[in-house]
Structures are given as C-alpha cells and as structure tokens.
Amino acid sequence: MDSSARNVEHTVNSAAFPRQFARTRRFSLGVPRQFTVSPDGSRVLFVRTGSGTDPVGRLWQFEDGKEQLLADPALLVGNGSGEVPEEERLRRERARERSVGVVSYATDDAARVVAFALSGALWAVRTDGGAPFSVPAAGPVVDPRPSPDGRHVAYVSRRCLHVVDLAGADRQLARAEGPDVSYGLAEYVAAESMHRMRGYWWAPDSRHLLVARVDTGSVERRYTSDPADPTKPPRAVPYPAAGTPNAEVTVQLRSLEGGRIDVQWDREAYEYLVAAGWDAQGPFLTVQSRDQRILRTLTVDPATGATELRHERTDPAWVEIVHGTPARTASGDLVLPEDDGDTRYLTVGGQRITPRGLQLCEVLGVEGEQVLFTASEDPLETHVWRHEPGRGNRRLSRGPGRFTGVGRGGTVVLAGVTPRGAEARVLREPAAGSEADQDAPYEVIRSLAEEPSVTPRPRHLTLGERQLRGALFLPSWHEEGTGKLPVLLDPYGGPGMQQVGRAREWPTCVSQWFAEQGFAVLVVDGRGTPNRGPAWEKTIHGDQLTPALEDQIDALRAAAGHCGDLDLARVAIRGWSFGGFLAAGAVLHHPEIFHAAVAGAPPTDMRLYDTHWKERYLGHPDEQPENYARCSLIGHGHLLSRPLLLVHGLADDNVAAAHTLRFSAELLAAGKPHSVLPLPGATHLPADDAVNEQLLFFQRDFLREALKGRTEED
C-alpha cells in the first residue's frame, strides 16, 4: 500500500473511531464474562451480549465445545419491563456495568439452578433443560442468589431480605426498621472502595444465612439533581466524606425458620466489614480498623455469634485488601496475603507458597487443597496460577496479557485481554498425578466484540531511575526524524489501576487515536500503581500528588531521550478521575513542563472524597490536615497559568460535581481563565453514546488550540 492509500485509510479509521468507541461501550459489548464452572468441570456458564454493539446481556452455557442460549430477555414474556430498583442501579454503577438485560446471575452449588433479575423481576432457569420461568417476588428484586441446594432463592427488595422457594412461597427474613436501614446490601464504601459488592452469604446447609445490616442514619447526605430538568426532585445519597461518620454495619445469623443471632466483635475498634463468608468450617468475617492499619480475620460461632481472632495483619501505612481473601482450604488452612518489603506473597496455613518478586494480585478460588490465584512477575502482565501441594505453583495462562479466571472440577476458564483483544479460553487440566501438557489445546468461548478501527502501536519503555513502565504511541503515518510532535501525557497514575501493559485494552485504543490526531502520546504507571510490590504502592502514603507528578515529569524527559521527535515545548496532559486530578495538578504546579490540560471528573478537594479510600492514603483529616492541604487542588487555583479544560458529570456520586464547581469558582475569583464542560445526567463514567463520541473530539480540539503556535520561549 503506497503512502497516499495509507493516509486515506488512516483518515477514515481515525474519524470512525470515536463513534465506534461510544456505541461499543468502550469495546465491552460482545465480550463473554462472569463465568461459573460446574462441579465436574463439564459446563461453563457466562453472560455475553448479542454483538459488539448490542447492549442486551444474555445467559449462555458452554458444554462439549458448544454454546447453548439459556436466557434471552427479548424472548421472555413479561420480561421485567419495569424500572430498575434504585439499589440495583447503584450496584451496576459501582460495578461500572455498561450493558442491560441479564447483567449478573448466581447459581446453586451444582450450577443447575440460575437466578437473575430483569428490571426488578425475579427469573430462574434450570441448566438441564426447560425455558426460563418467573418466580413471584414481594417487590423489585436486587441481587438474587439460590441456596446451595437450589431449593430457595434469597433476594433483597426495598432494603429487606427475602427468601422464596421456586414454587413461589415467599418469606421475609429481615425487615428494614426504617428508611436508613437495609439488610443484605453493601454500603457505599464497601462497594466503591473495598470491592465488596455483596451483603449476604448462604450457609452450606441452605437453612441459614450470614447477613449484613447497614444503618446510614449518621452518614452525611449528598443531593444529586439534574439541572437540565429542574422538575426532577434531587436524589439523596448517603456519602461518608473523609473525616465524617461511616455507616454502622453489623452482622446477623438468620435462619429460614426466623431465628436471629447477632454476631459480636469490637465494632468500635474495627468498624469496617471488609469481607465475609460461610464455608464448610463455618462463618467468618474480615474486619478493619478506621485507620486501616489492622485487618483481622475472625471465625464466628454459628450457635452464639461469638467471634474468635484467627489472624491479624498490620502495617504502619495501611493494610492492602486482596480480593478473594481470606479463604480456607478443605483442611481448614487459611489462604492469606503477606506483605514483606517489595513483595506481596501468597500464604497457605501460614507458609509462603510464592517466591519473592511474584506479586499476588487476587485469590480466585480454593478447591480442596488447591488455590487458584492471579499474580504478576512483570508489571506489564498478570497471569493465572494454580498452587497444589506436592506440585507447587504452575502458571496456566499463556502468552502476553492480563488474565483472570475461575476453576472447578479440573477445568479453568482463562479470561483476559491480550495484544489481540479480549479472549476467553477453557483449559481442561490433566488428571491428578499425570504430567501437565503445556501444549494441550484450549477450547475458545467466542468474543463478539468489534475490532477497533484504530490499532494500538505501543512502544514499551522502561524510563528513568525508578524504571517507570511506560508506553509511547506515535502516529501510524509519522516517520521518525521527519519532524517534531506535540506530546500528550495520558495517565491514570494512581492506586488500584494500571494502564501500561501488553494488552489491547480500551485506554490503549484511545491513546492511539490521540496519536493519530498528531500527538506523541505517553502513558506511564508511576508510584502507587499496583503489581510492583507493597513498598512501591506505599511510597504515596501522606502525599498522593508530589510523587505522581515527579514520575510523569521524569518519564517525559526519559522518553524524549528515547525518541527525539517529542517536542517538549508543546506538552499537554489529560486524564479522568485520579488522572484528571493529576492533569490539573500538573498545570498548576509545573507550568514550565505542562502547557495545557484536560481534567475529567477530578477530585480537587481531598476532604470531599470518601472515608475508606482517602483516609487510606492521607490519614484522618482532623489528625493530618497537612496531607489534605498538600494534595488538594483547592487552595492552589491562583497558580494556574496554562489552558485548562474541566469536564464533569453533574450526576456523579463518586467524585461529586462540587469538586469541579468549587475549583472553577476559585479560579474565577483569582482571575484565572479556564473552561468548564458540564455533562448533565452523566455519572462518573458517562454512559451516553453521543457524549462519549463527541467528548473525544472536544478534547482533541481544545488541546490542539491550546498548543498551537507554542515555541520554546513561551
């Protein structure tokens, strides 16, 4: 293909990308997800939409290499066309759910009975044949879960916990005593900051449940309204801002016969319920102190509700929560993380079973004495591993990428994102005692996601003294050495998320699109980002801004040494959420380096963010106010001397629009020109396709204009 043909193809694909990005919901539609494996490993359940642009989720079963459609919302009579309950809407928002229809489900232990909610109605289907059937419920249904024996389904309706048998006999197990009380739901900080999305757990006997009771009476209220429609009443959201009271969370043991036992622990000292469960050894909890320096695993006596300390983790900064822990093997050994210096280890029964340098990410499950987990040897990749006594650790996922998985009965589903995009493979493991065949073929569960019209071309770099991991995206049409390119830094750069990796995720596609618009785009994971060990994560304790900015600056200078076409006289930065905070902070504090910024949903005042997330890194604001002053953008608006675009959804209940509005008011009072783009009705991640499409063009045009005509003397 000659250069003119390449330019035509580039122009067409580049123009088409924003629309494709929006209508595919960031290329998430059509990707199989939420896998469940049957006890014998023969069947796999999953959710997938009908195509890369179809937002309706359907329930599928994969068996003997073939797919079977179990539930299609379009085919169900009276398919729950009512309103989605508010609690369910919030659950989806917390989970960043971008589809409709069957978006989640739960099964009995045999994976034979599946329950799911459609617009507030309760549905079930048997995987061994028959059509889905509706199950009468007392009201709009949230989070339905079958009992292990498949005879009952528990669910939450109007903040009360119910259990219904499949014939329709319903009983209310726990009644909310007032408008501030709920049973069986996760409170805000649990879902948003601890990744605990559940509020109740079945016992193995299918006769008892462990239930969380949440009372938000003492929690501050925030009121979210739609300024574009002043006739709509505001929505009250209990939001515990840093330094303010949390919800009161207690736990009860409930029986189907109506019995109740309160679980006892020192809630004054350990107010956070981090995790809970009920396995063959009995019920258990994980609780955490307000300062997050102590995390305790407690066993619960099901007869009395008394608790006993089983394990304690401490850390002078904070104890990191590792999803999937604690867990227990069949013999009762605790499966836990252990931090030591630069490594997060996996331990079983108090013994480290992973080597130094292999960073534990998540425990995916325990079967017998085997432990399935994800870990990272290289910050650019995350892989699925299995530990088995006598055989040690074995990596199951192959090739570059970021993988997770689920396993049972000798079958493991490996789901992840590779340089080719999203993939889901079914691995049938060899029988116990036989040698593993590393070349054994996988079965593939098809992804129907669209291929991006822009192909990412990252150049992976290790930058500076701290060996920062970065990716440089250049225009496909650019020939190195033929001219300088303006630079766009495109980071997240904060805790809990990596953007640099050997995987074609949606942020890499967006970075490449900006490159095709004429930028050299640099993405860097700095200090505080995951999978480089506890010491790396905790260098930001007390200061989330200074180290993050230093790393972006050091990486920029080092990248310019790798590629001479980077024009350091024209440098912009863009980001969303923590990345937006970083972008705005960059032009405030380092205008000599950064010449323009786009800040989306930036948390500008650290005191306005939630207790569990913000106090983890900065401490309590009444005890360490200097940390909040140092990291907040509020109070530093007078420093602005570069073009800044602030973008914020007005319905955002994660980073409230007040962050941007207060900061804008401060800038205006200081006489500092800036631009604000409000997004009516948008939450933390805007869902409107037209908004997401045009937002890319709007940012591009702003940055082009801001950098136009700049020289080294400016």
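**Terms and their grounds**

Modeller: Let us begin with a backbone detail: just after helix α4, Gly-518 takes a positive phi of about 110 degrees. Please bear in mind throughout that this is a predicted model.

Biologist: What makes helix α4 (residues 506-516) mostly covered?

Modeller: Buried means under 20% relative accessible area, and 10 of the 11 residues of α4 are buried. Among them are Pro-507, Cys-509, Trp-513 and Phe-514, together with the polar residues Thr-508, Ser-511 and Gln-512.

Biologist: How do you know that the length of helix α10 (residues 658-669) agrees with its number of residues?

Modeller: At 1.5 Å a residue, the 12 residues of α10 should span 16 Å, and the C-alpha atoms at its ends are 16 Å apart, which agrees.

Biologist: Which residues of α10 are buried, and why are they said to line one face?

Modeller: The buried residues of α10 are His-659, Thr-660, Phe-663, Ser-664 and Leu-667. Seen down the axis of α10, they fall within an arc of 120 degrees, so they line one face of the helix. An α-helix has 3.6 residues a turn, so residues three or four places apart point the same way. The cover over the buried residues of α10 includes α7 (578-589), β43 (644-649) and β44 (675-679). Leu-668 and Ala-669, which are exposed, sit on the face turned away from the buried side. After α10 comes Gly-671, with a positive phi near 75 degrees.

Biologist: Why is Gln-359 called buried?

Modeller: The cut-off is under 20% relative accessible area. Gln-359 has 6% relative accessibility, and therefore counts as buried. This residue is found in strand β29 (residues 359-367).

Biologist: What surrounds Gln-359, and what does its side chain reach?

Modeller: Beyond its neighbours within four places in sequence, Gln-359 is in contact with residues including Asp-342, Thr-343, Arg-344, Asn-531 and Pro-534. A polar atom of its side chain lies 2.7 Å from the backbone oxygen of Asp-342, and the side chain of Gln-359 also reaches the backbone nitrogen of Arg-344 at 2.9 Å.

Biologist: What makes the pairing of Glu-693 and Arg-19 a salt bridge?

Modeller: Side chains of opposite charge can pair when their charged atoms come close. The rule asks for a side-chain nitrogen within 4 Å of a carboxyl oxygen, and in the pair of Glu-693 and Arg-19 the N to O distance is 3.9 Å. Glu-693 lies in helix α11 (residues 689-707) and Arg-19 in helix α1 (residues 3-23), so the pair ties together parts that are 674 residues apart in sequence. At 17% relative accessibility Glu-693 counts as buried, whereas Arg-19, at 39%, counts as partly exposed.

Biologist: How many salt bridges does the rule give?

Modeller: The count comes to 44. One of the pairs is Glu-187 with Arg-196, whose closest N and O atoms are 2.9 Å apart; both residues are buried. Asp-315, Asp-339, Arg-344, Glu-537 and Lys-538 are linked in a network of salt bridges.

Biologist: How do you know whether Asp-551 and Arg-527 are buried or exposed?

Modeller: Asp-551 has a relative accessible area of 0% and is therefore buried. Arg-527, at 14% relative accessibility, also counts as buried. The two form a salt bridge, with the closest N and O atoms 3.1 Å apart. This pair links distant parts of the chain: Asp-551 is in helix α6 (residues 546-562) and Arg-527 in the loop between β40 (520-525) and α5 (534-537), 24 residues apart.

Technical notes. Residues numbered from 1 in each chain as written. Predicted model: local features only at pLDDT ≥ 70, side-chain atom pairs only at ≥ 80, totals over all residues. Heavy atoms only, no water. Buried < 20%, exposed > 50% of the residue type's maximum accessible area, 1.4 Å probe, protein only. Helix = DSSP H or I, 4+ residues; strand = E, 2+ residues; numbered from the N terminus. Expected span 1.5 Å × (residues − 1). Arc of directions from axis to C-beta. Contact = heavy atoms within 4.5 Å. Polar contact = N/O pair within 3.5 Å; in protein donor to acceptor, adjacent residues only side chain to side chain.
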